[in-house]
Amino acid sequence: MKKLLAFILCFSIFFSVLAQDHEVDSLQLFMEEMEASLQYQKGDIPLENGIGILKVPDGFGYLDPKQTEFVLVDLWGNPDGTGTLGMIVPDNGGVMGEQAWAFILTYEEMGFVKDDDADDIDYNELLSVIQDEAKETNTERMRLGYEAIEIVGWAAKPYYDQTKKVLHWAKEIRFGESEETTLNYNVRILGRQGVVVLNAVASMADLPAVEENIDPVLNAFSYSDGNRYADFNPDIDEVAAWTIGGLVAGKVLAKAGILALLLKNIKLIGLGLAGLFAGIWKWYKRRTELPSVRTIGGNDKPEA
């Protein structure tokens with residue numbers, strides 16, 4: 001179904017190209033048409049699983065889970081886009097622009113995460129552990145067709161807000177031999193039975209813009225009654241195996257790492273598709289400029 005939708009969209013864009021002057025930049029037109037096909041929402045969004053409400057921050061638009069899957073899989077080339085709660089995208093960036101970045105929302109029902117260790121964690125030591133783990137997973141990453149990954153360091157050192165029960169940090173990541181590094185900004189909002197996850201993936205150049213919007217984004221989500229961290233009931237609720245340190249350590253093969261790889265290649269994907277449309281355009285021009293034909297034996301063939 002997703003491939004069919006992509007096919008239909010491609011041809012709608014192609015015919016839009018035919019309707020324009022042939023000197024129109026096909027890549028720019030592709031970007032604009034694709035953005036126009038998405039339906040961004042504003043205001044209060046009840047999340048699908050009933051876990052809470054997202055109040056879309058000023059300057060952002062929200063894409064529902066179905067559209068988010070389309071963006072992740074069909075536009076960005078990610079092998080899997082299921083299981084999200086949607087994504088919020090800066091109004092001035094979109095999902096196809098060269099400076100595109102976005103927060104991907106998910107929910108992990110892992111149980112009640114105790115925060116007793118928050119003040120005792122040596123984040124420099126934890127970084128070394130994460131870097132070593134990344135090296136160990138590179139053989140498997142490359143076997144699956146992905147580039148090797150290097151955790152360069154903290155782009156923003158982990159910080160836990162004890163009052164709001166929010167943990168956030170950012171890693172600087174390098175994929176393969178690329179000179180450009182990628183930003184992977186992580187937010188975890190603790191609840192009664194799990195955590196709401198917001199992952200912002202962008203280039204390192206976008207770090208100031210991401211940091212500028214962290215507070216509005218954090219304030220945008222609120223758990224529904226009965227799902228808040230304070231609603232924990234030790235008699236009936238399960239305690240997670242994860243702690244604050246465990247959330248930061250995570251696993252580098254997680255979906256967020258793959259998204260970071262793909263996000264930095266949006267421009268290349270767009271250029272490839274634009275090249276496809278340019279090829280179709282040339283084919284169309286040749287067909288319309290063929291010499292007159294005559295009927296020979298009931299078949300139409302060009303004159304020699």
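Rings of Phe, Tyr and Trp (for Trp, its six-membered ring) are taken to pair if their centres lie within 6.5 Å, with planes under 30 degrees apart counted as stacked, over 60 as edge-to-face and the rest as tilted. By this rule, six aromatic pairs are counted. The model is a predicted one, in which local features need pLDDT of at least 70 and side-chain atom pairs count only at pLDDT 80 or more, while totals for chains, interfaces and linings use all residues. Residues are numbered from 1 along each chain as its sequence is written, and side-chain values use heavy atoms, with hydrogens and water left out.

The chain holds eight helices and 14 strands, where helices (H or I, at least four residues) and strands (E, at least two) are DSSP runs numbered from the N terminus. Of its 304 residues, 48% count as buried, a term that stands for under 20% relative accessible area, against over 50% for exposed and the range in between for partly exposed (1.4 Å probe, protein chains only). With contact meaning heavy atoms within 4.5 Å, 62% of the contacts between residues at least 6 apart in sequence join residues at least 24 apart.

Seven strands make up an open sheet with antiparallel pairing, in the order 3-4-5-10-9-8-7; two strands are said to pair if DSSP finds at least two bridges between them. Strand 3 and strand 7 (149–161) are the edge strands, each pairing on one side only. On average, neighbouring strands of this sheet are turned by 20° against each other, direction ignored, where axes are lines fitted to C-alpha atoms, for helices over the stretch in contact, and angles run from 0 to 180 degrees between N-to-C directions.

Within this sheet, strand 4 and strand 5 run antiparallel and are joined by three bridges, and F103 in strand 5 is the bridge partner of I88. Helix 5 (residues 207–218) packs on the sheet, where it touches strand 3, strand 4, strand 5, strand 7, strand 8, strand 9 (182–190) and strand 10 (195–203), and its direction makes about 10° with that of strand 9. Helix 4 (residues 123–143) lies across strand 7 and strand 8 (166–175), and runs at about 140° to strand 7.

Strand 7 and strand 8 pair in the antiparallel sense over nine bridges, with H168 in strand 8 as the bridge partner of Y159. These two strands form a hairpin with four residues between them, and K165 in the turn has a positive phi of about 60°. Strand 8 itself is mostly covered, nine of its ten residues being buried. Its antiparallel pairing with strand 9 comprises eight bridges, and E172 stands opposite L183 in strand 9. The hairpin of strand 8 and strand 9 has six residues between the strands, and G176 takes a positive phi near 60° there.

A further open sheet is formed by three strands in the order 1-2-11, again with antiparallel pairing. Strand 1 (44–46) and strand 11 stand at its edges with a single partner strand each, so one side of each is left without a neighbour in the sheet. The twist averages 20° from one strand to the next. Strand 1 and strand 2 (residues 52–55) run antiparallel and are joined by three bridges, L54 in strand 2 being the bridge partner of I45.

Among the aromatic pairs, F60 and W101 are edge-to-face, at 6.1 Å centre to centre and with 80° between the planes. This pair links distant parts of the chain, since F60 lies in strand 3 (residues 60–63) and W101 in the loop between strand 4 (86–90) and strand 5 (102–108), 41 residues apart. Both F60 and W101 are buried. The rings of F112 and F232 are instead stacked, at 3.7 Å centre to centre and with 15° between the planes. F112 belongs to strand 6 (residues 112–114) and F232 to the loop between strand 11 (221–223) and strand 12 (239–243), so the pair ties together parts that are 120 residues apart in sequence. F60, W101 and F103 form one aromatic cluster.

Helix 3 (residues 65–75) is mostly covered, with eight of its eleven residues buried, including F70, V71 and L72. G77, which follows helix 3, has a positive phi near 80°.
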